[in-house]
Amino acid sequence: MTALTTPARPDEDDARLRPVPWRRMAGVTWRQHRIALAGVAVLLGVLAVYLWLAGLSLNHAYAAAVACQPASSAACQGLDSTLDGMDNFLSNGFLLQVLPPVIGAFVGAPVLARELETGTFRYAWTQGFGRRRWAVAKLLLLAVVVTAAAAAFGALLTWYYEPFVGNQSLGLPRTTPLTPALFDLRGIGFPAWTLAAFAIGVLAGMLIRRVVPAIVATLVVYGGLAFATAGFLRVHYLTPLLASINVSVPDNAWVISQWWTKDGRYAFGRYPPSNILNLCSSPAAGTGKDGSPEGWGPCLVQHGYAMWTSYQPASRFWPFQWIEGGWLLGLSALLIAAAVWLVSRRAA
Amino acid sequence: MNVVEASGLGKRYGRTWALRECTLAIPAGRVAALVGPNGAGKTTLLNLAVGLTAPSAGAVTVLGRRPAGSPAALDGIAFVAQDTPLYKTLSVADMIYITRSLNRRFDQPYAQARLDELGIPQKRKAGKLSGGQQAQLALTLALARRPRLLVLDEPVAALDPVARHDFMATVLAAASADGVSVLLSSHVLTELERVASYLVLMSRGRVQLAGQVSDLLAAHGHASLEELALHYLREATPEVTR
């Protein structure tokens, strides 16, 4: 076989050596990750169409129910029950919580893990582009694309869930906008968590170096982080407000805890122990049938007890969103920077 | 100019030295062969030279004292790793696109003409090509970068005899017609007889012998490269096992 000759390479000074332009990574990244990105587009696209159609009728029914006067009329009750009938499997938000980790695991985890698993990093990192620049360009590009897609979808979710967290208590289950299962689907929560999941996936892939274990690790780590944030961390973003029994806690507030005191000392938690409840057990004391604070509350107050409620008001939704979005962005930047650092120094 | 210069170069993985006290200078314009049994440190030395690995001791420079892995070094060296890694789910055309995008120079007409000559369809996925075709594709992509140094790690180990012959013919053509320096590793001695003009013998993480093939043969009175290599590798082994 006769090989074609390659033209002689002109000698060039290192000083004149211009780096390969950054923008070239756009086409490279697209070709390598178009299947994953198309998967995300299809997944979010199909869900978006459904949410859009469902949301239109939901928001319409909500607007009709809100506008209806007088609220106690039969016509308005009918509108309320129409709204109630629209309460479905998406209402509590749990199902959509899986989207950020799924996107992060299936887009983020393979980016570096597949290169390391199949050995193609030996190809990619010895091209003229340079491995650190390669990692920076690819990871930032994918992070921006994934976050932008999630932001658009998050805007749709914000709108879809409006009736559930609105100020009017109508046919739908009453929810505070700070409720854990909805808080991170709305506002900037959804893109921020998606970005964090992507970053976790990238670093997991770099550390574990195999695609499937990296995907599993991403889901586990993300689950732990999301659970810890919703269960323990978010409550402390701002100091909770305190309300005594005389001050009514707003309906749509996120109640954190309730407890009783007597003579300025902690007495018991939300429900009184039986020996104290017995003080109010006679019908004359006005115990409610269900033993609710409405029933025995006033009676306990007469006995010198005071009830306290700590809560986060619904008006803190946006401050909380910015706090959470901020630290998630910082965390994501840190994880991606760590992955880039590992790429630039990892031995073959 | 030397295409690879190492002084006191060493690489340790954990407690094991994969390569130690390696000092050598491989001149430009040669086909240099890195010969030795498995585990001799050939791949480690190549990874150090192309900048994939950082040394644990000593230093290595390429293409006239440029640090291995520096932008100028990456620009002038094309590396085909063991088992010729390619993105298996991408088409041949996509591999060409990616390689062109990631480098300052890429000779697209050369790459296309080579692939046509080899009968490799550009629409086919790289993973669907035969082993020989995958190796040829990786080599074509490397040569289309118009490197000054072509580094090949065990390029023919997984190929059948015909594919081996074709592959080495391409390498030789690039070396002789275009003046590309070549550094390749192999444990298949017979393949190197025809091609290598410079030899580096390695075993147990050390360079045992290095020099021009003709000089080495004359100085040690061996008839062939194979004979010389076998003699040295046999001799070297007990010395290192102490």
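Let me start with helix α1 of chain B, residues 42-50, which is mostly covered: nine of its nine residues are buried. Buried here means that 20 or more other C-beta atoms lie within 10 Å of the residue's own; exposed means 12 or fewer, partly exposed is in between, and C-beta atoms are placed from the backbone. The buried residues of α1(B) are B:Lys42, B:Thr43, B:Thr44, B:Leu45, B:Leu46, B:Asn47, B:Leu48, B:Ala49 and B:Val50. After α1(B) comes B:Gly51, with a positive phi near 85 degrees.

Some ground rules. This is a predicted model, in which local features need pLDDT of at least 70 and side-chain atom pairs count only at pLDDT 80 or more, while totals for chains, interfaces and linings use all residues. Residues are numbered from 1 along each chain as its sequence is written, and chains are lettered from A and ligands numbered from 1 in the order in which they are written. Helices (H or I, at least four residues) and strands (E, at least two) are DSSP runs, numbered from the N terminus.

Staying with chain B, look at B:Met95, in helix α3, residues 92-101. Is B:Met95 buried or exposed? B:Met95 counts as buried, because it has 23 C-beta neighbours inside 10 Å. Leaving out residues up to four places away in sequence, B:Met95 touches B:Leu86, B:Tyr87, B:Leu90, B:Ala126, B:Leu137 and B:Leu141. Contact means C-beta atoms, placed from the backbone, within 7 Å. B:Leu9 is 86 residues from B:Met95 along the chain, and their C-alpha atoms are separated by 34 Å.

Next, the two chains together. In the contact between them, 30 residues of chain A meet 39 residues of chain B. On the chain A side, the elements giving two or more residues are α1 (24-67) and α4 (121-124). The largest share, five residues, comes from α1(A). By class, that side has 14 nonpolar, eleven polar and five charged residues. Ala, Val, Leu, Ile, Met, Phe, Trp, Tyr, Cys and Pro count as nonpolar, Asp, Glu, Lys and Arg as charged, and the others, Gly among them, as polar.

Chain A itself is divided into domain 1 (40-237 + 317-345) and domain 2 (241-314), with bounds from an automatic or database domain assignment. Their C-alpha centres lie 38 Å apart. Ten residues of domain 1 are in contact with seven residues of domain 2. The domain 1 side has five nonpolar, four polar and one charged residues.

Last, helix packing in chain A. Helix α5 (residues 131-160) and α8(A) pack at about 150 degrees, with their axes 7 Å apart. Axes are lines fitted to C-alpha atoms, for helices over the stretch in contact, and angles run from 0 to 180 degrees between N-to-C directions. α5(A) and α8(A) are therefore roughly antiparallel. Angles under 35 degrees count as roughly parallel, over 145 as roughly antiparallel, 65 to 115 as roughly perpendicular and the rest as oblique. The contact of α5(A) with α8(A) has twelve nonpolar, three polar and no charged residues.

How do α8(A) and α9(A) cross, and at what angle? The axes of α8(A), residues 189-208, and α9(A), residues 211-233, come within 9 Å and cross at roughly 135 degrees. The two are therefore oblique to each other. Their contact has eleven nonpolar, three polar and no charged residues.

Key: Two residues are in contact if their C-beta atoms, placed from the backbone, lie within 7 Å.
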